[in-house]
Amino acid sequence: MAAAGYDYEDGLQSSVDGGIPYDPSFVPDPVKSFVVHLYRHIREKNVYEIHQMYETSFHTLSDRMFKDTPWPSVEAVAQYVDNDHVFCLLYREMWYRHLYARLSPTLKQRIDSWDNYCSLFQIRNNLFSVSFTTEASVVLHGVVNMQLPNQWLWDMVDEFVYQFQSFCQYRAKMKNKTEQEIALLRQHDQAWNVYGVLNFLQALMEKSSIIQILEQEKEGLEQFTATDGYDYSGGSNVLKVLGYFSMVGLLRVHCLLGDYQTGLKCLLPIDISQQGVYTSVIGSHITTIYHYGFANLMLRRYVEAIREFNKILLYIYKTKQYHQKSPQYEQILKKNEQMYALLTICLSLCPQVKLVDETVNSQLREKYGEKMLRMQRYDDESFALYDELFSYACPKFITPSAPSYEEPLVNYNQDAYRLQLKLFLYEVKQQQQLSVVRTFLKVYSTISLEKLATYMEVDESTLRTILMTYKHKTHSVGADGKTISNADIDFYIDDDLIRVVESKTPKQYGDYFLRQIVKLEAVIGDMDRIKLE
Amino acid sequence: MGREQSQMAYTVEQLVAVNPYNPDILPDLETYVNEQVSLQTYSLDANLCLLRLYQALMAMPAPDFSLCLFLIPERVQMDEQFKTLIVLSHYLETAKFRQFWDEAAKSRHILEAVPGFEKAIQEYAVHVLSLTYQKVPRSVIAEAVNMEGLSLDKFVEHHVANSGWIVEKGQGKGQLVSLPRNEFNHPELKRSSADIIPLDHITRIFPVLG
């Protein structure tokens, strides 16, 4: 496991500014002080200080000292933290995360990182198992007493899924693999195995009893959301919150595999119409809604996707200034742009602009206004735009299975993406004529089939199929099996007459009046306090 | 039959619930699917996947078929029989029922191996018709469910008795069928979301009212 044992032939042997070569066993003083303090804060359960060191010091040190080299090896720092097993696993997890972010990991490192996650999560899995060895319970003791920041716990789950995705992409690029790499891949066929990944996330979710906790919270028997998942009665938040974030992890993995239905099912225990622990970390909030919205888009539940994209984009717009210094800032901006692209797709297929807040709408018009107009046209150019936006904004789909090593080595890292894109464009094509129908329905309250058929230059029987397609495509089947209308303009056919009904959501006045009453009362109160001379 | 099947379904669902990501349960699942399609002599391996897809098609208007396609590698989808299926699904998705039935007639042997296939598609057709029409010409129904003459009479009679269809005399152009009202073909039935104010909002003005 020693970092010293790695082969740094991939340019990792690089040195800081061409000066001292990287020596994994050399621990500079700032690092010494960092691990000593972090270790102490963890033992003292000082979440605030842990968070500061984790969010700020770690990145500052990385920027200053480890811009293009890994951190010192865990073996080298272990002596400063009483060789604490759990702390060493956590340190190693950060060590790999930093390596993935700044350098390109070798195959050996990818596999070792997987092993590290196994040790890390295994410990937590053993938490509540009946029989553990004495050695393990020492470890358990350490874990049970830990209270880690949500940000850190989220990053662990997030990174775990990211490294899985990255491994699948890496493995699928078979063309340039050396014989040693292939031998190593075959030898470690369990590393980043899709079932292993899913089982870890599932196990964390189950062992943490998070679903029951959320259920009981609804009845007031349990506090979880109210305390942001932290435990103020001396317990640990680690397993509970890891289990919670694992549900988001499962959603993401299933989306990467193209299994949108299962993905959404995994997220069901979290009520995304409300704030929750998932909104307490911006990265988790964005990941959740991005995948939730994407899955709904693929399932043709456009209204649901539009609603949630709108909410999160508004939220990001209002709060992004507070994240400017965060290491996640770039990621936030990227996902923000991607979600605008997805919203553009949704609104082009289902023009429910009234669901979109004015602020979001003006951003949207600025970014994609012109493209959106062209996307309504359904010619070759508009297909190219759907293709472009989808490719830019979709998740990095993966093929989870290992290649057949006997056959000639070909790259298959694009296969999964190409399939999802193709099926999506297929759907777009099926909806080809709907926007034409829509333009006509907009200007008529009644029109005969015959007349509309003439305008659209199709025969009457074709028009009937187009109208039925409109109905089918604008009415999706919800998770509960009920039919949901996504139509902005609806109609029905009475023999050979089309009657158009524009669904107007009645304006909600109640809330407006309540606000004004409270406001007026405040004004009157202010006036009463002013004494006129 | 019903009882045995539901017992089986129960165990399989339990199996999946306990081992959602365990490849070792695959043989059990395959057995389950085989029993579901109640095939006895058919050569399974080659057609099993196809048969599952036919079943997915039967779930229309639910998107089960597209969900399956998202998960099936493209090279498998390039297979001739898959292509037929994709074409069939395309006709259903775009309500081209005439073309659908013509195409389906060419794959009779498979369709006959999936019990209830025809009936399931007819139900989907009726679903789409009910979303679209208040009053629909009999000829349009005939095309959508692929029936005529006596069998169509029976079909319509059945729906008159069970689903509230009403047959009207057309004005010289043949029969009209009035479909039961729902919020999609009678949009005015849509529950207008009245302006309801939750109690906790009212509490905001309690001090004012007091």
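Colleague: Is Arg300(A) buried or exposed?

Modeller: Arg300(A) counts as buried, because its relative accessibility is 5% and buried means under 20%. Do keep in mind that this is a predicted model.

Colleague: Got it. Where does Arg300(A) lie?

Modeller: Arg300(A) is in the loop between helix 13 (282-298) and helix 14 (302-319) of chain A. Its phi is positive, at about 70 degrees, although Arg300(A) is not a glycine.

Colleague: What about Lys45(A), what is its phi near?

Modeller: Phi of Lys45(A) is near 55 degrees, a positive value, and this residue is not a glycine either. You'll find Lys45(A) in the loop between helix 1 (29-43) and helix 2 (47-65) of chain A.

Colleague: And why is Lys45(A) called partly exposed?

Modeller: Lys45(A) has a relative accessible area of 29%, so it falls between the cut-offs of 20% for buried and 50% for exposed.

Colleague: New topic! Which residues is Arg186(A) in contact with, leaving aside neighbours within four places in sequence?

Modeller: Those are Tyr405(A) and Glu406(A). Arg186(A) itself belongs to helix 8 (residues 179-187) of chain A, and with 41% relative accessibility it counts as partly exposed.

Colleague: How far apart in space are Arg186(A) and Ser461(A)?

Modeller: They are 58 Å apart, C-alpha to C-alpha, and 275 residues apart in sequence.

Colleague: Last one: which residues does a cis peptide bond join in chain B?

Modeller: That bond joins Met60(B) and Pro61(B), with omega about 5 degrees. Pro61(B) is found in the loop between helix 3 (44-58) and helix 4 (64-71) of chain B.

Terms used. Residues numbered from 1 in each chain as written. Chains lettered and ligands numbered in written order. Predicted model: local features only at pLDDT ≥ 70, side-chain atom pairs only at ≥ 80, totals over all residues. Heavy atoms only, no water. Helix = DSSP H or I, 4+ residues; strand = E, 2+ residues; numbered from the N terminus. Buried < 20%, exposed > 50% of the residue type's maximum accessible area, 1.4 Å probe, protein only. Contact = heavy atoms within 4.5 Å.
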